[in-house]
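Please look over the sequence and the model shown here before reading on. The briefing that follows goes through selected local features, grouped by topic.

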Amino acid sequence: MDWLRIGAFGLLIFYHVGMFFVPWDWHVKTAAPADWVAIPMRASNAWRLPLLFVVSGYASAALLARSSGAGGVFLRDRTARLMIPTLFAMVTFIVPQPWVELQFKHGYTAGLGYFWFHDYFSFSEIAGIVVPTWQHLWFVVYLWAYTIALVALRWIISPHWREWLVAKAGLVLSGGWVIAAPIILILARLAEFWPGSEETHALLDDGPAHLLYFPMLLFGVLLRQSAPVWAAIRAWWKIAAALALAGYATVTMVELIYPGSLVPPFAWQVAFAAGHTALTWCAIIAAIGVADRYWNVDKPLRATLTEAVFPFYIIHQTIIVVLGWYLLLLHLHPVIEFALLVLTTVAGCWLFYRIGREIPIFRVLIGLRPKSASADRALPSSNPILP
């Protein structure tokens with residue numbers, strides 16, 4: 001699970017760099033976004049975040065199993081590890097992102113310092129952008145909210161009934177149903193909100209997103225406890241991989257025929273939705289199966305990368321947005337822009353982590369355990385995103 005999460009967050013850096021080039025709306029864009037960039041972007045955007053919630057649920061179940069009582073200590077620890085870095089980032093590292101977006105889209109002319117100390121903390125909307133903001137750290141906020149829900153369920157449901165629910169869910173998801181049942185539920189969710197709704201990432205008004213992400217986290221909790229589900233994944237992950245490829249092929253076909261902002265006819269919209277749904281779930285099952293089969297080994301670098309994931313996640317998007325904004329002034333070829341964005345983002349994230357880990361107070365502010373607990377870094381539970 002550690003390697004799976006590390007890989008998913010590595011992919012996230014490339015994905016957010018890709019957002020600079022794809023025609024989809026984002027904070028800042030290259031001078032001439034290309035329709036074809038949507039094709040590689042579609043390969044992961046259906047499943048990368050749901051997979052992270054699955055992995056987080058798995059680790060949450062492991063930590064709760066070691067917690068005494070109703071999970072109050074676990075909740076306090078998760079709150080500190082998740083929300084202190086989030087709040088600190090909201091008042092520091094996040095600030096340049098809305099500043100760049102306001103300049104790029106709305107002609108905002110004030111400097112970063114003025115924006116930071118005069119406009120950012122106005123607790124209002126500026127050209128439709130709510131400030132202050134948690135931007136890409138919405139994932140961490142949602143994970144914290146789901147942690148509260150897990151602890152509440154642990155308090156409400158007795159151990160006997162929890163065991164019963166795990167056993168019944170394991171039966172429901174045994175065999176090929178580990179692929180079919182979740183796809184049916186995702187399609188039902190899609191039908192309920194057809195033709196779709198944009199995720200707000202604002203927590204309280206994001207019901208359709210919660211109907212996807214919270215069940216993914218619950219599946220991760222189940223996976224930690226259910227031998228039948230693991231058996232089903234080991235038996236069916238290759239078929240899931242084939243179905244994921246078929247789903248991606250369908251999504252790609254629709255994207256090629258109706259690129260950019262072109263709206264497909266209804267039949268093509270249905271085909272796209274079906275392919276997207278198959279890709280969402282089957283890629284997750286395939287990824288877990290591959291990780292279980294080939295990545296269930298430890299390496300010296302794993303502990304360091306496991307610890308580095310949260311600091312990387314905190315800072316990476318700010319680096320991409322700010323650098324992208326200034327690259328526009330140089331009028332470079334997109335290939336050069338891409339190379340500079342990837343190399344600078346990776347180097348900047350690594351420098352941010354390596355410096356931050358050596359400063360005791362900064363460790364807490366970027367999501368690392370205090371120095372005295374550094375020996376825990378080798379444990380999967382040492383990083384809050386796992387969590």
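Pro132 sits in the loop between strand 2 (129-131) and helix 7 (138-156), where helices (H or I, at least four residues) and strands (E, at least two) are DSSP runs numbered from the N terminus. This is a predicted model, in which local features need pLDDT of at least 70 and side-chain atom pairs count only at pLDDT 80 or more, while totals for chains, interfaces and linings use all residues. Residues are numbered from 1 along each chain as its sequence is written, and side-chain values use heavy atoms, with hydrogens and water left out.

**Backbone features in two loops**

- The peptide bond leading from Val131 into Pro132 is cis, with omega near -10°.
- In the loop between strand 2 and helix 7 lies Gln135, which has a positive phi of about 45° although it is not a glycine; at 14% relative accessibility Gln135 counts as buried, a term that means under 20% relative accessible area, with exposed being over 50% and partly exposed in between (1.4 Å probe, protein chains only).
- The loop between helix 9 (177-192) and helix 10 (207-225) contains Pro195, and the peptide bond from Trp194 to Pro195 is cis, with omega near 5°.
- Leu203 is found in the loop between helix 9 and helix 10 and has a positive phi of about 75° without being a glycine; Leu203 is buried, with a relative accessible area of 18%.
- As background, most residues other than glycine have a negative phi, and most peptide bonds are trans.

- Thr345 lies in helix 14 and is buried, with a relative accessible area of 0%; leaving aside residues up to four places away in sequence, Thr345 touches Ile13, His316, Ile319, Ile320 and Leu340, where contact means heavy atoms within 4.5 Å.

**Salt bridges**

- The structure holds 13 salt bridges, each defined as a side-chain nitrogen of Lys or Arg within 4 Å of a carboxyl oxygen of Asp or Glu.
- One of them joins Asp2 and Arg302, whose closest N and O atoms are 2.5 Å apart; Asp2 lies in helix 1 (residues 2-18) and Arg302 in helix 13, so the pair ties together parts that are 300 residues apart in sequence. Both Asp2 and Arg302 are buried.
- Another links Arg357 with Glu307, the closest N and O atoms being 4.0 Å apart; Arg357 is in the loop between helix 14 (334-356) and helix 15 (360-365), and Glu307 is in helix 13, 50 residues apart. Arg357 and Glu307 are both buried.
- Glu358 and Lys371 also meet through their side chains in a salt bridge (3.6 Å, N to O); Glu358 lies in the loop between helix 14 and helix 15 and Lys371 in the segment after helix 15, so the pair ties together parts that are 13 residues apart in sequence. Glu358 is partly exposed, with a relative accessible area of 46%, and Lys371 is partly exposed, at 41%.
- Salt bridges that share partners join Glu307, Arg357, Glu358, Arg363 and Lys371 into one network.
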